[in-house]
Amino acid sequence: MTKKRNAILAIGCLFVGLITACVSVSERQTTITEEKKEFDKSTLSEMEKEKQYAEKECEVLKMFFEDKRYVFPSREEFKKRCSDYWGINVDTIPNVYFTKGGDQLFTDCMIFRFGSETVYYYPSYESQIKGESKGDAKEAYDAMKYEDDSLDYNYNQLLFHDDIRALSKILNFPEHVFNIVYNHNYEKNKLFLEKAASMYSWPENRDWKDLRYALFYNNLERGIRKDFIKQITHFKNEKPENYTNPRNQPDFYEYINKYIDIYDYIDVPLELKDECLCYMIVLLYEFCKDFNNKNSCGEAFGAYECIDNMVSMHGYGFIERVTKNKYYGYPQLKEIFDLGLSVNMPFGDPNRDGELDAGYVVVFGRVIDKDGYVNLRDGADVKSNIIGTISTGEDVIVCDMTQEEIESAQMLKVRTKDKKNGFVHKSRLKLYSRHTDENRKSILESYNLPYIKEYEW
């Protein structure tokens with residue numbers, strides 16, 4: 001009886017414990033739900049305040065612009081230009097959009113404002129917005145009018161009306177010319193473009209994000225900023241006599257390779273990144289060809305070496321993508337590719353003297369069999385057992401072989417992406433070299449970038 005009673009008591013205690021735990025969990029969930037509601041209410045309250053604030057700012061700005069007899073653009077024209085300049089749909093952005101560069105776009109009242117301060121930060125008007133009785137919109141407007149240097153008015157006249165009078169006034173302020181061209185992608189005036197480009201400085205290693213905005217429009221549907229890129233190369237200032245040998249390239253060569261290093265981290269579509277690199281390589285090629293009379297840059301040598309660096313850093317897929325896209329319409333690029341893909345000097349060639357011994361190259365092979373696959377064998381002989389197949393277009397890593405062995409062997413020892421080891425006939429592989437993980441890591445660390453491991457399959 002005692003044992004039975006103890007068992008009943010134990011079951012009862014367990015039941016009570018479970019109920020208590022459930023109540024505890026329920027109470028905790030209720031608390032979390034209530035806290036979330038409070039957080040949501042607080043967030044909504046802040047958003048409502050910001051909306052009211054923006055509406056009152058619009059009230060002042062409209063008074064200011066109407067006093068200047070500013071003609072507002074149509075809503076459709078405003079939307080189109082906002083899409084062009086900033087890549088945004090203003091109908092989906094309530095109240096205020098803070099553009100690159102820190103300026104403000106009031107989406108409802110269709111006014112662009114230089115700077116990020118609120119209505120030139122007039123304390124009395126701020127007090128009114130916060131609920132105090134003193135101050136009104138007229139007071140803020142009067143203060144704004146008193147301080148006016150017409151930059152806001154001229155910015156709007158230029159951005160939304162292409163007003164040549166506004167253009168001539170802004171030209172007196174180089175920092176605003178740069179702001180309009182670089183941050184807001186206004187490139188409708190050649191003089192503006194040249195002046196802004198002359199002020200541009202290629203970024204140091206840690207400023208790698210800057211390249212995204214120098215090379216591509218805010219609105220990626222507009223693609224590559226070719227006119228701006230051509231201006232910031234500064235080729236017209238380069239003196240051919242400064243370059244006396246094929247490896248002594250103009251500064252732009254170094255900038256292209258900087259772009260190649262951080263290629264994976266530029267947040268734009270892959271095809272657009274490829275096209276941009278091709279465009280810059282063509283500019284370099286034309287510079288070498290025209291200004292150095294096919295000597296100092298070794299004809300296509302500088303352009304060839306940039307592509308070679310791209311293959312070494314990011315793989316042979318770049319070559320195939322560009323070829324598939326018909327060289328993006330650049331016949332010069334086909335010339336460079338034909339040179340680089342020739343038997344004597346292929347891109348990423350792992351057999352060049354010293355590269356394997358230098359300890360920073362991984363040798364890859366891309367399968368190129370017309371049958372659509374190649375056999376993976378368990379020995380270095382064409383009669384060895386078949387242990388698998390590798391599809392055309394797939395990459396393998398060449399393992400445990402020296403440079404001399406790779407050059408002389410018919411069968412290469414390889415490892416596939418699914419970590420199978422075996423042997424493949426060399427004639428079925430297009431060999432190329434890439435950086436080791438350690439070398440890639442040191443390059444990315446110099447740009448203060450996270451390290452992505454790629455090659456250890």
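User: Leaving aside its neighbours within four places in sequence, which residues is Leu333 in contact with?
Analyst: This is a predicted model: local features need pLDDT of at least 70, side-chain atom pairs count only at pLDDT 80 or more, and totals for chains, interfaces and linings use all residues. Contact means heavy atoms within 4.5 Å. With neighbours within four places set aside, the partners of Leu333 are Cys278, Ile281, Val282, Ile307, Val322 and Tyr327.

User: Which residues touch the most other members of the largest nonpolar core?
Analyst: A nonpolar core is a set of buried Ala, Val, Leu, Ile, Met, Phe, Trp, Tyr and Cys residues joined through side-chain atoms within 4.5 Å. Buried means under 20% relative accessible area, exposed over 50%, partly exposed in between, with a 1.4 Å probe and protein chains only. The largest core holds 101 residues, and those touching the most other members are Phe192, Tyr259 and Leu333.

User: Which helix gives the most to this core?
Analyst: Helices (H or I, at least four residues) and strands (E, at least two) are DSSP runs, numbered from the N terminus. Residues are numbered from 1 along each chain as its sequence is written, and side-chain values use heavy atoms, without hydrogens and water. Twelve residues of the core come from residues 270-291, and this top contributor is helix 12.

User: How many residues are in the other core that lies apart from it?
Analyst: Its members include Val396, Ile406, Leu412 and Leu429. The count for this separate core is 16 residues.

User: How many of the eleven residues of helix 5 are buried?
Analyst: Among the buried ones are Leu151, Tyr155, Leu158 and Phe160. Asp152, Asn154 and Gln157 are buried too. Helix 5 is largely enclosed by the rest of the structure, because its buried residues number ten of eleven.

User: Is Asn95 buried or exposed?
Analyst: Asn95 lies in the loop between helix 2 (75-86) and strand 1 (96-98). Its phi is near 70°, a positive value in a residue other than glycine. Its relative accessible area is 14%, so Asn95 is buried.

User: What share of the residues in the chain is buried?
Analyst: The chain has 17 helices and ten strands. Of its contacts between residues at least 6 apart in sequence, 62% join residues at least 24 apart. Of the 457 residues in the chain, the buried share is 46%.
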